Amino acid sequence: MKTITQNFIKIVLLITIHLSLFTQKTQAQAPEKFSYQAVVRNASNALVANANVGIRISIWTTCSNCVIAYQETHTTTTNINGLFSIEIGSGIPWSLGSFSNVNWSSDTKYISTEIDPTGGTNYTITSTTQLLSVPFALHAKTAESTTDNKWTANGNNIGNNNTGNVGIGTTTPTEKLDVVGKTKTTNLQVTTGAGVGKVLTSDATGNATWQTAGNFNSTVNVLTNEAITVSQGTATMGGTILSDGGSPITERGIVWSKTNTTPTTADTKIIRGTGKGTFTASLSDASFLFTFYIRAYAINANGTFYGDVVTFNPSAQVSTFATTGSDNFSQNLVIDSNGNLYYASRGTHQILKYTPNGTMTVFAGSGTAGFTNGVGTSATFNEPASLAIDAAQNIYVGEEGNNVIRKITPSGIVTTVAGDGTAGYVDGLAANARFNYPRAIALDASGNIFVADRFNHLIRKITPSGFVSTLAGSTAGLQDGTGFGAKFERPSAIAVASNGEIWVGDFFNCCIRKVTQTGVVTTPFYFGCGGSVDGTGPTASFDSVGGLTFDAQGNLLIAEFFGSKIRKATPALVVTSLTGSTGVWGYQDGDANQALLYQPTGIAVDNSNGKIYFTDRNAKIRVLQ
């Protein structure tokens, strides 16, 4: 824009243009005007004081094209210092624009001042300057209805015309609208499109979907009900499906595991119908030996949903399985793969067979003491004291009266494995070997037979090829060591772990010993007789051991003779008492915590259901489950 200078007058603008807003009690918004001051000097640089002057103010938008956005005129009087003050926005509009339509939110603004020193309208352009700032109210008034390259604001409404991502609570949005933090709405409505009459929810993977409205909870709500235990190893449990998430439940039920602490449908499950509501399920093999982890589940089109995990420890019960009529001092029980139980009846010189429901038959032995091989009841035994069974279901008998080891096939054929029938101590070929009260026997996975040779105080070994040797032991005593360097006193129980280690109940030493396949003997628990105390490793003690066996989880189950208890030692050597009362002998079934036993010896576990069978001097076969 050109600047025109006249010789007779010179207008000098103050460096500071005083801008101010005025508020009035009767106004809801600030007035659209601002204060403006300037000093007028003539061509001789003298002040034009106490004079009437005519003024024309022009607001320019940019100056490259000299676009006037607004003009107004004023007539005012300078003071003694040649200063005049006016309010831009309150003058008489000239010929261009409207002050209220000036867009203060964009472009560069300039202000030019023209003066007529006689108070008329013969104006001369004398000065133009850039407005470096404008009152905020003027900027905000126009900015709120102005569109920039991203956002549009109009009253309380905002919009965004950006084609990229918008973030609230994040500077790195990854979606069209990425909100980090909580959102809240008091009236969410859908007025058009597929969502009308429906509610917004998410599927199992978090994707939003519209679901039919009605009796609706936005998620599938699954509740796991507490398990109710009952006797004989059963439990009732269940769940409740409170809501289906708008998609029908096609399957519901219970999942459970003895090892997985967060069971899923990949574990054991019991299906209990479809739809919402409450349901129950029964578990028939709830062995007290385990902690069960259970939870309810529901499946619909959106996925599989689970309730909280409930832990469940079945209560243990002791009951009488059979009456034998013989109070054995024997490790005399084994169970075959069909759940049949075999019992060495020392008093009747027979091997008895019990089906799972308790039906008894004579498997082998005539009932008269003797030493005759044969088939079934044609064979004779003399005080059979212990049993073991191999993978082919052959049963081995440790026979104290004849001092031999016998074998019975599944068809009942009885043969002699080792021993010549005379009490003594001879290693070598099986037919020439001698034992002295072979109280307990056990087999390893290779078919080796290990014998607790009671009165010889030895652990003997019989190979599948028929050779007998001494694995560990010498004279009576209590001493760890290797081979003949170790000592036992009347070992009366024996069991083989899955890793081949031989565990021995050393009766008169009141402790449990461990023997490796190379004959190294150690005592993992209390060394010697120290009562009947639960604990870990050396802190645990036993009051003489009558029988031993391992369960499928590697726990050593112990029939404690004088302690009159059934106990358990975990692979980590943690010993607990399962039933019986220390040193209290008696006969009482019922809850395991109140049951009474009388010097138990024989012990076996049915790994298909966790039931523990044992014999005691009550002349009973009893079961802990």
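Reader: Hi! Which strands each supply at least two residues of the lining of the largest pocket?
Author: In this predicted model, they are strand 24 (333-335), strand 29 (384-389), strand 34 (438-443), strand 39 (491-496), strand 44 (545-550) and strand 49 (603-606). Strands are DSSP runs of E, at least two residues, numbered from the N terminus. A pocket, on a 1 Å grid over the protein atoms alone, is an open set of points with protein on both sides within 12 Å along at least five of seven lines, and lining residues have an atom within 4 Å of a point.

Reader: Nice. Which strand gives the largest share of that lining?
Author: Strand 49 does, with four residues.

Reader: And how much space lies in the largest pocket?
Author: About 950 Å³. Volume here is the space filled by probe spheres set on the grid points, which are joined across faces, edges and corners. The lining has 37 residues, and the closest to the pocket centre are Ile 389, Leu 443, Val 496, Thr 549 and Phe 550.

Reader: What is the lining like by class?
Author: The largest pocket has 21 nonpolar, eleven polar and five charged lining residues. Ala, Val, Leu, Ile, Met, Phe, Trp, Tyr, Cys and Pro count as nonpolar, Asp, Glu, Lys and Arg as charged, and the others, Gly among them, as polar.

Reader: What about the second largest pocket, what volume does it have?
Author: About 200 Å³. Its 15 lining residues include Glu 501, Trp 503, Phe 550, Gly 554 and Pro 571, the closest to its centre.

Reader: Switching topic: how is strand 7 placed, buried or exposed?
Author: Seven of the eight residues of strand 7 (residues 109-116) are buried, so the rest of the structure largely encloses it. Buried means under 20% relative accessible area, with a 1.4 Å probe and protein chains only.

Reader: Which strand does strand 7 pair with?
Author: Strand 3 (residues 52-61), in the antiparallel sense, over eight bridges. Pairing requires that DSSP finds at least two bridges between two strands. Glu 114 in strand 7 is the bridge partner of Arg 56.

Reader: Thanks! How many strands are in the protein chain?
Author: There are 51, along with one helix; a helix is a DSSP run of H or I, at least four residues.

How values were computed: Residues are numbered from 1 along each chain as its sequence is written. This is a predicted model: local features need pLDDT of at least 70, side-chain atom pairs count only at pLDDT 80 or more; totals for chains, interfaces and linings use all residues. Side-chain values use heavy atoms; hydrogens and water are left out. On a 1 Å grid over the protein atoms alone, a cavity is a set of points where a 1.4 Å probe fits but cannot get out, and a pocket is an open set with protein on both sides within 12 Å along at least five of seven lines; lining residues have an atom within 4 Å of a point. Buried means under 20% relative accessible area, exposed over 50%, partly exposed in between (1.4 Å probe, protein chains only).
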